[in-house]
Amino acid sequence: MRSLINILDLSVEEIDELIKIACDIIDHPDKYSEKCRGKKLATLFFEPSTRTRLSFEAAMMELGGNVLGFSEAQSSSAAKGESVGDTARTVSCYADIIAMRHPKEGAPYVAASRATVPVINAGDGGHNHPTQTLADLLTIYREKGSFNDLTVGFCGDLKFGRTVHSLIEALSRYKGIKVVLISPEELKLPSYVKKDVLKANGIPYEQTTDFDSAIPSLDILYMTRVQKERFFNEEDYLRLKDSYILEPSRLEHAKKDLVIMHPLPRVNEISTEIDKDPRAHYFDQVANGKYMREALILKFLGIM
Ligand code: NCD
């Protein structure tokens, strides 16, 4: 049974194919409106979510399928002590495909080993978030036309930001990628990502705390929220939460075709003033996420 736990579970060719399907869905939504008739998607969300859960559900509805699930651990049998494996095995009896978000790293992997239907990782702790990466890749593709020769800046919480880890892994397979890592000392990219992904693939990268000096060289600026729920004490969170705030004055020396991204939710990291700048693409990521999830559901159900 095929599951999506890590973005590298999809080949570059498969990502191209998903992008192609998503673009066709954007152009011809009616062609797809009955494709999942009679199929069910279960969303098992043990952690809060707005976009990921609702976009999975909207995606399935756009394909003519049905959805079921829960949006907090407390309303599931996890509250009674049921294991993730048993929950996944159970839900396999009700649904054709499962999207799961969990605070523990690796939980969707465990679920996939017990489920009899595909499991899609919708975010596991501070680890991975492959379907956000699919949304990010479609956004980059639609703005830049390719994934090669890009200087990509990641700013904010690079330690706990799972969307950052997955996007770096995805980009590591393309040519001419350069990465600029902008974060406070305490929130630097984990060394396993630097070693196993950046160094292993010969991707040039630079680590800095200096946001303003980094901006002019960037083709993509990927902003992130400081991940409050992963901190052990509130004091550290409060000290670090507003480390970097993107305001219009900071874009004075930015490229004219810079693409500003953010997986959302935004807290303070991007001033709402930036929203009207044509270089802001974070709400495009939201829209693109639904189309890529539609494409993924079609592929993993063997419909396309
Ligand atoms: C992200 C996540 O859950 O990791 N949100 C999302 O799915 N778009 C980013 C975040 O919570 O900061």
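**Entry 1: the loop at Asp 149.** I began with Asp 149, which is found in the loop between helix 5 (130–144) and strand 5 (151–155). The model I am reading is predicted. I looked up the backbone of Asp 149 and noted a positive phi of about 55°, although Asp 149 is not a glycine. I recorded this value because most residues other than glycine have a negative phi.

Entry 2: I next asked which residues are around the ligand. I listed Thr 52, Arg 101, His 129, Gln 132, Arg 162, Thr 163, Arg 225, Gln 227, Pro 263, Leu 264 and Pro 265.

**Entry 3: polar atoms at the ligand.** I looked up distances to the ligand. An oxygen atom of the ligand lies 3.1 Å from a polar side-chain atom of Arg 101. For Pro 263, I noted a polar backbone atom 2.9 Å from a nitrogen atom of the ligand. Leu 264 likewise has a polar backbone atom 2.9 Å from a ligand nitrogen atom. I then noted that the ligand has 320 Å² of accessible area on its own, of which the protein covers 94%.

Entry 4: I followed the chain from Leu 264 to Pro 265 and found a cis peptide bond joining them, with omega at about 5°. I noted this bond because most peptide bonds are trans. Pro 265 is found in the loop between strand 9 and helix 10 (282–300), and Pro 265 is also among the residues around the ligand.

**Entry 5: aromatic pairs.** I asked how many aromatic pairs the structure holds. The count is 8. I examined one of them, Phe 211 with Tyr 244, which is edge-to-face, at 5.6 Å centre to centre and 75° between the planes. Phe 211 lies in helix 8 (residues 211–214) and Tyr 244 in the loop between helix 9 (234–240) and strand 9 (259–261), so this pair ties together parts 33 residues apart in sequence.

Technical notes: Residues are numbered from 1 along each chain as its sequence is written. This is a predicted model: local features need pLDDT of at least 70, side-chain atom pairs count only at pLDDT 80 or more; totals for chains, interfaces and linings use all residues. Side-chain values use heavy atoms; hydrogens and water are left out. A residue is near a molecule or strand if one of its heavy atoms lies within 4 Å of it. A polar contact is a pair of N or O atoms within 3.5 Å; within protein, one must be able to donate a hydrogen and the other to accept it, and residues adjacent in sequence count only if both atoms are side-chain atoms. Accessible areas come from the Shrake-Rupley method with a 1.4 Å probe; for residues, only the protein chains shown count as cover. Rings of Phe, Tyr and Trp (its six-membered ring) pair if their centres lie within 6.5 Å; planes under 30 degrees apart count as stacked, over 60 as edge-to-face and the rest as tilted. Helices (H or I, at least four residues) and strands (E, at least two) are DSSP runs, numbered from the N terminus.
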